[in-house]
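Visitor: I am new to this structure and would like to learn how to read it. Could you walk me through it?

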Amino acid sequence: MIDNYNFSNLSTILGETVLLKDQAGNQVNLVVSEVIKGPIDGEQWEAFSVIYKGTHDFSVPQGIYKISHDTFGEKELFLSPNSQTEYETVVARKRDSIPDIAAL
């Protein structure tokens, strides 16, 4: 479950580092540089993207990684490179507070 990996929590750690680990156990620190609400964010959907900054010393290919920080714990997330030093995770999920009409 990734419920504490959310816009509100991530906005509080702008400028801080997160630890990224791959399946082979390699790890690197990335800086949370932006947290941006997505176009469908609203009453029914939580949508946002997180931009991470790295350095020119390494390159992280697109894939699923474990990303951790004290604020949200350790989460497995899909990460895409935007450039040699910038990476992005996009989240779009239905908000739990909206009742499912089929369940009524």
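Guide: Welcome! Please keep in mind that this is a predicted model.

Visitor: What does the C-alpha trace span along its principal axes?

Guide: The C-alpha trace spans about 55 × 25 × 25 Å. The accessible surface comes to about 6,400 Å², and carbon and sulfur atoms account for 50% of that surface.

Visitor: How many of the contacts join residues at least 24 apart in sequence?

Guide: Here we look at contacts between residues at least 6 apart in sequence, and 55% of them join residues at least 24 apart.

Visitor: How many positive and negative side chains are there?

Guide: The protein chain carries 8 positive and 15 negative side chains. The centres of these two sets lie 3 Å apart.

Visitor: Now for single residues. Is Asn 6 buried or exposed?

Guide: To judge this, compare the relative accessible area with a cut-off: buried means under 20%. Asn 6 has 15% relative accessibility, so Asn 6 counts as buried. In the chain as a whole, buried residues make up 35% of the 104 residues.

Visitor: Where does Asn 6 lie, and what is it in contact with?

Guide: Asn 6 lies in the segment before α1, the helix of residues 7-11. Setting aside neighbours within four places in sequence, Asn 6 is in contact with Glu 46, Phe 48 and Arg 93. A polar atom of the Asn 6 side chain also lies 2.9 Å from the backbone oxygen of Asp 3.

Visitor: And how does Lys 53 read: buried, partly exposed or exposed?

Guide: The middle class falls between the cut-offs of 20% and 50%. Lys 53 has a relative accessible area of 33%, so Lys 53 is partly exposed. Lys 53 is found in strand β3, which covers residues 45-53.

Visitor: Which residues does Lys 53 touch?

Guide: Not counting residues up to four places away in sequence, Lys 53 touches Leu 30, Val 31, Ser 33, Thr 85 and Glu 86. With Glu 86 there is a further detail: a polar contact of 3.0 Å joins the side chains of Lys 53 and Glu 86.

Visitor: What separation is there between the C-alpha atoms of Lys 53 and Thr 71?

Guide: Those two C-alpha atoms are separated by 18 Å, and the residues are 18 places apart along the chain.

Note on methods: Residues are numbered from 1 along each chain as its sequence is written. This is a predicted model: local features need pLDDT of at least 70, side-chain atom pairs count only at pLDDT 80 or more; totals for chains, interfaces and linings use all residues. Side-chain values use heavy atoms; hydrogens and water are left out. Helices (H or I, at least four residues) and strands (E, at least two) are DSSP runs, numbered from the N terminus. Buried means under 20% relative accessible area, exposed over 50%, partly exposed in between (1.4 Å probe, protein chains only). Contact means heavy atoms within 4.5 Å. A polar contact is a pair of N or O atoms within 3.5 Å; within protein, one must be able to donate a hydrogen and the other to accept it, and residues adjacent in sequence count only if both atoms are side-chain atoms. Accessible areas come from the Shrake-Rupley method with a 1.4 Å probe; for residues, only the protein chains shown count as cover. Lys and Arg count as positive and Asp and Glu as negative; His and the chain ends are not counted. The place of a charge is taken as NZ of Lys, CZ of Arg, CG of Asp or CD of Glu.
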